[in-house]
Amino acid sequence: MAARNSYDELDVAQRPRVERLCRLLLEDPAEAQDVAQEVLMKLFQAQQTRPETTTWNRWVTRVTVNACRDRRRSAWWRRFRSDDSVLREDDLISPAAGPEDAAMAGEVRRRVWAAFRGLSRRQQEVFALRHVEDLSTTDVAETLGMSEGSAKRHLFRAVHRLRLALGGAS
């Protein structure tokens with residue numbers, strides 16, 4: 001029963017991160033939810049075989065990124081993925097936001113998402129891990145299996161492209 005409680009704690013701690021990363025890295029909300037469930041099942045299986053592991057954050061992040069990559073590369077994804085699947089910004093509105101706040105933020109959200117989707121997949125991954133998951137550049141590089149210099153270049157290019165797309169200073 002201790003392993004079950006331990007998994008429940010892991011699930012509560014990791015589920016929001018997994019769902020957020022999947023949602024950022026996959027455009028289709030249904031695909032993101034499917035991949036998040038797959039990752040959480042892998043977490044359950046790993047926790048059952050290695051309950052003594054205490055450093056789950058990096059493991060979960062790596063598995064999530066790899067699962068999203070696998071989904072994008074799969075033949076099913078390429079063959080049946082609908083190009084007209086659009087991010088619904090309304091899904092991201094805080095329930096506490098009033099109608100005026102929601103209306104004012106709508107255009108900004110659309111511009112941010114369009115700019116983010118304009119980045120290369122690698123830039124999206126690096127940006128999301130660094131600025132959304134708040135990993136250090138070293139941790140981003142280790143998680144994605146690249147050199148720290150490469151992670152820094154991807155991050156610099158992502159930030160630069162986002163600034164340009166959003167009309168900020170370069």
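Visitor: How are α3 and α7 set to each other, roughly parallel, roughly perpendicular or oblique?
Guide: In this predicted model, α3 and α7 are oblique to each other, with angles under 35 degrees counting as roughly parallel, over 145 as roughly antiparallel, 65 to 115 as roughly perpendicular and the rest as oblique.

Visitor: And at what angle do their axes cross?
Guide: Helix α3 covers residues 56-73 and helix α7 covers residues 137-144, and their axes cross at roughly 55° and come within 9 Å. Helices are DSSP runs (H or I, at least four residues), numbered from the N terminus. Axes are lines fitted to C-alpha atoms, for helices over the stretch in contact, with angles from 0 to 180 degrees between N-to-C directions.

Visitor: Which residues meet there?
Guide: On the α3 side you'll find Arg58, Thr61, Arg62, Val65 and Arg69, and they meet Asp139, Glu142, Thr143 and Leu144 in α7. Contact means heavy atoms within 4.5 Å. By class, this contact has 5 charged, 2 polar and 2 nonpolar residues. Ala, Val, Leu, Ile, Met, Phe, Trp, Tyr, Cys and Pro count as nonpolar, Asp, Glu, Lys and Arg as charged, the others as polar.

Visitor: Okay, what about α7 and α8, how do those cross?
Guide: The axis of α7 comes within 8 Å of that of helix α8 (residues 148-165), and the two cross at roughly 105°. That makes α7 and α8 roughly perpendicular.

Visitor: Who touches whom in that pair?
Guide: Thr137, Thr138, Val140 and Ala141 in α7 meet Glu148, Ala151 and Lys152 in α8. That contact is made up of 3 nonpolar, 2 polar and 2 charged residues.

Visitor: How does α6 sit against α7?
Guide: Helix α6 (residues 121-132) and α7 have axes that come within 9 Å and cross at roughly 135°. That makes α6 oblique to α7. From α6 the contact takes Arg122, Glu125, Val126, Leu129 and Arg130, and from α7 it takes Thr137, Val140, Thr143 and Leu144. These residues divide into 4 nonpolar, 3 charged and 2 polar.

Visitor: New topic! Which residues line the largest pocket?
Guide: Glu19, Arg20, Cys22, Arg23, Leu24, Pro29, Ala32, Gln33, Ala36, Trp113 and Val132 line the largest pocket. A pocket (1 Å grid, 1.4 Å probe) is an open set of points with protein on both sides within 12 Å along at least five of seven lines, and lining residues have an atom within 4 Å of a point.

Visitor: Which element gives the largest share of the lining?
Guide: That is α1, with 5 residues. The elements giving two or more residues are α1 (2-25) and α2 (29-49).

Visitor: How does the lining split by class?
Guide: The lining of the largest pocket has 7 nonpolar, 3 charged and 1 polar residues.

Visitor: Anything to know about the numbering and the model?
Guide: Residues count from 1 along each chain as its sequence is written, and side-chain values use heavy atoms, leaving out hydrogens and water. As the model is predicted, local features need pLDDT of at least 70 and side-chain atom pairs count only at pLDDT 80 or more, while totals for chains, interfaces and linings use all residues.
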